[in-house]
Amino acid sequence: MLSPRSLPVRVLRKLNHHRTTELYFVGYPKTGNTWTRYMLGRYVQLVCGLPYLPLFDATDRMGCCERFCVGPAMHFTHRPLLWHDQKASDLNFENVIRPYIEKRVSLLIRHPLDTLVSLWMQRLHRVHDGYTGTLTQMIEDPVWGIEKLFRFYELWFEHHGRVKDFLLVRYEDMRADPETVFRGILDYLEISPQDDGLRQAVADADFESMKKVELSGEAPKYPSSGYSMFANGDLNNADALHVRRGAVGGFYDYLQRDEAGRLLDLINRRLSVFYGYSNGS
């Protein structure tokens, strides 16, 4: 049997994966992608009686998106976001929206400042690029900062009606009432929720439960790459963990009051009330 990372399988995956994927979870990094993936994977594992946790990253031998006993063929992605030299001006309808026109999309979002704090922590403690800049410097960075985030979600606000079907999932709503929000996700996926499985999946995806899995060193691995789903750093450093804090409004712990006020005003002016983070929402 060919390895999942062998050249023939990778070619087939490239040709067939997008064609056969029916639904995408799309989001900026640090907006709850791993959390949602883990919770959904645990639910599918329970109801389908699987011996492994699905991460919605695998393909069959023909490169087609993996399917299970419930739900559509689905995949999680940050596409087309890149972190070398891609700036806000490089994002447009063609590369952000066009690939999903014929697909169903669940868009994940989190407060921009909490998102960028988490991304900053990743750069400091988990990405080995030697970054030593301050949070404010990263927020203002053209490749990693807030302008790129604004552009990404501006495009999705303007064109979300162009995809086949659309669901917005807010990180803060999930933190406040994970069972209700997850039930809504299952409904969107046209999966009839089984109450016992739903409650168990939500409990198993609780932050403390996920942190224990991460610290155990036995986290599930992505079939396509072999990498752990928890891309952590030093397990003895709390800020280097993938499952770090998950705080709502935690950015206040890292920004001076005046700087936070300036950035909140910017968000109020630049991010549509559609997302629920501006004063008028």
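**Reading rings, bonds and cores**

Me: Let's start with W35: does it count as buried or exposed?
Reply: W35 counts as buried, at 7% relative accessibility. The cut-offs are under 20% relative accessible area for buried and over 50% for exposed, with partly exposed in between, using a 1.4 Å probe and protein chains only. Keep in mind that this is a predicted model, in which local features need pLDDT of at least 70 and side-chain atom pairs count only at pLDDT 80 or more, while totals for chains, interfaces and linings use all residues. Residues are numbered from 1 along each chain as its sequence is written, and side-chain values use heavy atoms, with hydrogens and water left out.

Me: How do I read an aromatic pair, and how many aromatic pairs does a search of the whole structure find?
Reply: A pair of aromatic rings is described by the distance of the centres and the angle of the planes. Rings of Phe, Tyr and Trp (for Trp, its six-membered ring) pair if their centres lie within 6.5 Å; planes under 30 degrees apart are stacked, over 60 edge-to-face, and the rest tilted. Searching the whole structure gives 19 aromatic pairs. Take W35 and Y171: the ring centres are 5.4 Å apart and the planes meet at 65°, so this pair is edge-to-face. It joins distant parts of the chain, with W35 in helix 2 (residues 33–48) and Y171 in helix 7 (residues 171–176), 136 residues apart. Helices (H or I, at least four residues) and strands (E, at least two) are DSSP runs, numbered from the N terminus. Y171 is buried too, with a relative accessible area of 5%.

Me: Which charged residues sit over the rings of Y171 and W35?
Reply: A charge sits over a ring if NZ of Lys or CZ of Arg is within 6 Å of the ring centre and within 35 degrees of the ring normal. R110 lies over the face of Y171, 4.2 Å from the ring centre, and the charged end of R175 sits over the ring of W35, 5.9 Å from its centre.

Me: On to sulfur: which cysteines form a disulfide?
Reply: A disulfide is a covalent bond between the sulfur atoms of two cysteines. The test applied here is a pair of cysteine sulfur atoms within 2.5 Å. The search finds one disulfide, formed by C48 and C69 with their sulfur atoms 1.9 Å apart. The torsion about the S-S bond of C48 and C69 is about -95°, so the disulfide is left-handed. C48 is in helix 2, and C69 is 21 residues away in the loop between helix 2 and strand 2 (74–77). C48 is buried at 19% relative accessibility, whereas C69 is exposed at 53%.

Me: What is the distance from the sulfur of C65 to the closest cysteine sulfur?
Reply: That sulfur belongs to C64 and is 8.7 Å away, too far for a bond. C64 is buried with a relative accessible area of 17%, and C65 is buried with 6%.

Me: How do I read a nonpolar core, and which residues touch the most other members of the largest nonpolar core?
Reply: In soluble globular proteins, nonpolar side chains tend to be buried together. A nonpolar core is a set of buried Ala, Val, Leu, Ile, Met, Phe, Trp, Tyr and Cys residues joined through side-chain atoms within 4.5 Å. The largest here has 43 residues, and F152, Y153 and W156 touch the most other members. Helix 6 gives the most to this core, with seven residues. A second, separate core of 35 residues includes C48, F56, L189 and A219.

Me: What does L107 touch?
Reply: Contact means heavy atoms within 4.5 Å. Leaving out residues up to four places away in sequence, the contacts of L107 include F152, Y153 and W156. L107 lies in strand 3 and is buried, with a relative accessible area of 0%.

Me: And the backbone: which peptide bond is cis, and where is E190?
Reply: The bond from R79 to P80 is cis, with omega near 10°, and P80 lies in the loop between strand 2 and helix 3. E190 lies in the loop between helix 8 and helix 9, and its phi is near 60°, a positive value in a residue other than glycine. E190 counts as exposed, at 65% relative accessibility. K30 also has a positive phi, about 75°, but K30 is buried, with a relative accessible area of 14%.
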